[in-house]
Amino acid sequence: MHIPDAFIPLNQAIIYWIIALIFVALAIRWARKELSDEKIPLVAVLAAGIFAIQAFNIPVSLGTSGHLVGGALAAIVLGSPFAAVFILTMVLIVQGVFFGDGGITTMGVNIINMGVIGGFVGFYSFKGLMAATKNLPVSGFTAAWFACFIPSLACAFEMYFAGTFPLVPGLITMGVYHAAIGIIEGVITVVVLYLLISVRPDIVAYKRRVNG
Amino acid sequence: MIEELFLIEKDAYKKSPFHDLDARIKIVLCFSALIAVVSLPYSPLVFRAGLIFIIFFGILWASSRLSPVVYLKRLLLVLPFGGFIIFFQIFFQNRYYTVFHPLLSLPFGISIYQESIEFALILLVKFIVSVSFIILLSSTTKMQDFLEGAGRLGMPAEFTLSLGMMIRYLFVFGYVLRKMQQAMESRCFDPFNKELPYKYRLKKIGYAIGTLFIRSYEQGERTYISMLCRGYGRKSHLFIRKKAILRYEWGVLIAGMTFIILIPLFFLQMY
């Protein structure tokens with residue numbers, strides 16, 4: 001889902017960068033306000049952990065593999081979509097600058113897709129589904145699946161606006177692939193949430209709220 | 001990807017005229033070259049401009065005394081996603097051409113167009129040149145130096161601090177991940193072993209990922225508390241020592257930037 005440099009024209013890339021920077025600024029404000037002042041280092045170390053988590057290859061089918069993006073997981077655990085924005089921005093900077101995965105001019109659009117859209121979709125679908133169903137596996141799975149699937153559609157639209165991939169084939173290829181990968185994202189997110197609730201319920205935001 | 005981290009950093013610790021340049025010079029040169037390539041219109045002039053940029057890259061890479069194999073290996077690793085989009089271009093019409101000449105007609109109404117192949121090649125050239133400058137930057141600049149360079153260039157203090165923490169712990173979690181994978185292997189667990197039930201494999205990987213999440217969270221807590229003990233507060237920031245850019249570094253920067261700015265201007269004039 002990482003759009004590389006050259007696939008988005010510079011003028012459009014600048015617009016995406018501006019939008020991304022607004023959300024990054026809001027995420028920094030969230031980190032300062034909500035994480036009892038100076039806990040930014042904690043989130044930074046967690047971002048390093050998420051980066052390592054993305055290195056786990058998970059079998060999908062027909063010999064292909066995928067990996068966890070972790071945006072929905074971070075947003076659910078830390079209790080804010082801005083957690084995903086903050087963490088994924090740092091992960092994308094490292095991936096783009098040191099590994100060439102993603103791009104520099106396209107970093108803005110990648111932050112929007114995986115951090116902003118993934119984080120917001122993941123967090124609010126989890127919140128809404130938990131309120132409606134009170135069922136963690138269903139809510140966690142669906143939230144993580146949407147957090148993987150919706151950004152891929154956004155990616156197809158952005159490539160269409162850029163004129164570097166037609167819309168319908170883009171939506172089909174990106175949608176089908178990420179719908180499959182999203183199942184893995186969903187299952188792993190639920191397993192991780194279960195583990196966290198069993199071992200460290202105090203760090204899972206919605207558990208903290210339930211326990212008062 | 002994290003396995004690659006150690007190799008990249010090992011290359012960045014080597015000595016060469018390019019390695020020795022101030023990180024700010026390398027950041028400005030590489031990012032500017034990348035932006036210059038991206039700013040070129042999607043037209044065949046990208047081939048000639050791309051060739052000149054890749055020669056420029058080749059000179060800089062040669063001055064880094066790194067093997068071309070290092071570059072090629074890293075390039076191959078980042079090709080998949082871009083390569084996928086580039087490959088499928090040949091089957092589609094795009095907005096950058098008005099007339100399309102089919103070269104080959106395939107079943108189900110699919111055609112390969114001459115102009116689409118040209119467009120795919122334009123994208124490929126732009127993609128390879130831009131990725132090459134990123135590979136050059138990361139292979140010749142230590143992560144800490146990059147961070148300090150970015151800080152000196154005006155990256156906000158919140159980000160230099162957070163990114164500094166993240167970079168430091170990337171290596172810690174790289175080792176943790178390696179140990180976890182070795183532990184899995186020593187127990188003969190292979191996530192891709194089809195003889196094991198799929199559900200069982202997913203559950204085990206999920207627990208491993210969850211464990212890594214908890215370890216990183218707890219490491220974050222410990223680090224945060226340790227920092228508090230050392231007087232960390234809201235106004236804390238990463239200390240970046242002032243460093244002057246040497247005369248020869250100014251020379252490299254001015255020469256490089258002149259080249260990077262003039263090449264696109266020259267080709268845009270022709271466009």
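What share of the contacts in chain B with a separation of 6 or more comes from residues 24 or more positions apart? The share is 79%. Two residues are in contact if their C-beta atoms, placed from the backbone, lie within 7 Å.

## About the model

This is a predicted model: local features need pLDDT of at least 70, side-chain atom pairs count only at pLDDT 80 or more, and totals for chains, interfaces and linings use all residues. Residues are numbered from 1 along each chain as its sequence is written, while chains are lettered from A and ligands numbered from 1 in the order in which they are written.

## Chain B overall

Chain B has ten helices and two strands. These are DSSP runs, numbered from the N terminus: helices are H or I with at least four residues, strands are E with at least two. Along the sequence the pattern is α-α-α-α-α-β-β-α-α-α-α-α.

The radius of gyration of chain B, taken over C-alpha atoms, is 23 Å.

## A helix pair

Helix α8 (residues 157-186) of chain B packs with helix α9 (residues 198-229) of chain B at an angle of about 150°. Their axes lie 11 Å apart. Axes are lines fitted to C-alpha atoms over the stretch in contact, and angles run from 0 to 180 degrees between N-to-C directions.

From α8(B), the contact uses Y169(B), F173(B), V176(B), L177(B) and M180(B). From α9(B) come A208(B), L212(B), R215(B), S216(B) and Q219(B).

Note on methods. The radius of gyration is taken over C-alpha atoms; the globule rule is 2.2 Å times the number of residues to the power 0.38.
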